[in-house]
Amino acid sequence: MRWTIALVALIAMNPVPAAAQDEWPRETRFEGPLRFCSYAFAVEVGAGESAIVRDPGLDFTITYLESGASWIGVYQGNFPQTTDKKIKRTRFFREVRVDRMTAEDGATSYLIHALPDYAAPVYLHVFSNQFVGTDADKLILQRLAVGTFAKTGCSEASYRRS
């Protein structure tokens, strides 16, 4: 019992830095203002906004852009969930195919397909509590820079797995 208490006290006095931890999942927060640069997209994060990367340690990450009660989520990976969704092609970006997806419960999200200039297929599944399922969603989606536009102003990624 004394050894357990001593060990807990020793760990509490000398915590392992977050960067040295090998635990999954990980969550990293970036406070605005800044240009958040991901592998396949970039977004301007304004003052009072945050970009939060949730990394489960698998083949994808999910980044949330939060501003008060509003949020946008971006799944970045190879295998987005498209089952049980009604899909309609839309044209919100010049360089890439974008599909509007409507789930059975009426929730709208967008799938940005196989972005060019990447070694493996990369998809962005964008979802938000602001989407209404009409062309008005374009204004929200256009906050994201995708394709070659994502690299503008991004010399390196804001978040990297160590």
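Which residue of β3 is the bridge partner of Arg35? The model in which this can be traced is a predicted one, where local features need pLDDT of at least 70, side-chain atom pairs count only at pLDDT 80 or more, and totals for chains, interfaces and linings use all residues. Residues are numbered from 1 along each chain as its sequence is written, and side-chain values use heavy atoms, with hydrogens and water left out.

The partner of Arg35 in β3 is Glu44, and this pair belongs to an open sheet of three strands, ordered β2-β3-β11 with antiparallel pairing. Strands here are DSSP runs of E with at least two residues, numbered from the N terminus, and two of them count as paired if DSSP finds at least two bridges between them. At the edges of this sheet stand β2 (34-37) and β11 (144-146), each of which pairs on one side only, while the twist from one strand to the next averages 20°; the axes behind such angles are lines fitted to C-alpha atoms, and angles run from 0 to 180 degrees between N-to-C directions. Between β2 and β3 (residues 41-45), which run antiparallel, there are four bridges.

A further open sheet is built from eight strands in the order β1-β4-β5-β6-β10-β9-β8-β7, again with antiparallel pairing. Its edge strands, β1 (26-31) and β7 (85-90), have a single partner strand each, so one side of each is left without a neighbour in the sheet. Neighbouring strands of this sheet are turned against each other by 20° on average, direction ignored. The partner of β7 is reached through six bridges to β8 (residues 98-103), an antiparallel arrangement in which Lys85 has Ala103 of β8 as its bridge partner.
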